[in-house]
Amino acid sequence: MWTEADNKLRRTFTFKDFSEAFGFMSRVALLAEKMDHHPWWANVYNRVEIELTTHDAGNTVTAKDHALAAAIDALLA
């Protein structure tokens with residue numbers, strides 16, 4: 001579940017292993033590029049942390065962030 005705090009949408013995803021986590025990141029990267037909206041993220045082994053904020057809107061959460069979050073969720077549905 002995404003949480004909103006400090007002008008960011010955040011979510012942590014946990015996968016079976018590093019390969020699954022990396023595959024997920026690759027799919028998110030393609031989405032982000034297509035939407036021209038790129039996340040901050042971190043990966044350690046099977047965990048991926050994502051933060052979304054809109055830089056050109058003063059680093060606040062906007063509809064672009066919610067749309068990307070929904071698209072990321074759809075990858076796992």
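View 1. Setting aside neighbours within four places in sequence, Phe 24 is in contact with Phe 13, Phe 15, Val 48, Ile 50, Ile 72, Leu 75 and Leu 76, where contact means heavy atoms within 4.5 Å. This is a predicted model, in which local features need pLDDT of at least 70 and side-chain atom pairs count only at pLDDT 80 or more, while totals for chains, interfaces and linings use all residues. Residues are numbered from 1 along each chain as its sequence is written, and side-chain values use heavy atoms, with hydrogens and water left out.

The largest nonpolar core has 17 residues, and those with the most contacts inside it are Trp 2, Phe 13, Phe 24, Val 48, Ile 50, Leu 52 and Ile 72. Two or more residues of this core come from each of β2, α1 (18-35), β4 and α2 (63-76), and α1 gives the largest share, five residues. A nonpolar core is a set of buried Ala, Val, Leu, Ile, Met, Phe, Trp, Tyr and Cys residues joined through side-chain atoms within 4.5 Å. Helices (H or I, at least four residues) and strands (E, at least two) are DSSP runs, numbered from the N terminus.

**View 2. Arg 11 and its polar partner Asp 73****.** Arg 11, found in strand β2 (residues 8-14), counts as partly exposed because its relative accessibility is 21%; buried means under 20% relative accessible area, exposed over 50%, and partly exposed in between (1.4 Å probe, protein chains only). The side chains of Arg 11 and Asp 73 make a polar contact of 2.5 Å, that is, a pair of N or O atoms within 3.5 Å; within protein, one must be able to donate a hydrogen and the other to accept it, and residues adjacent in sequence count only if both atoms are side-chain atoms. Although Arg 11 and Ile 50 are 39 residues apart in sequence, their C-alpha atoms are 5.5 Å apart in space.

**View 3. Glu 51 and its polar partner Arg 10****.** Glu 51 lies in strand β4 and counts as buried because its relative accessibility is 18%. A polar contact of 3.0 Å joins its side chain to that of Arg 10. Not counting residues up to four places away in sequence, Glu 51 also touches others, including Pro 39 and Trp 40.

**View 4. Asn 46 in the loop between β3 and β4****.** Leaving aside neighbours within four places in sequence, the residues in contact with Asn 46 include Phe 13, Asp 17 and Ala 21.
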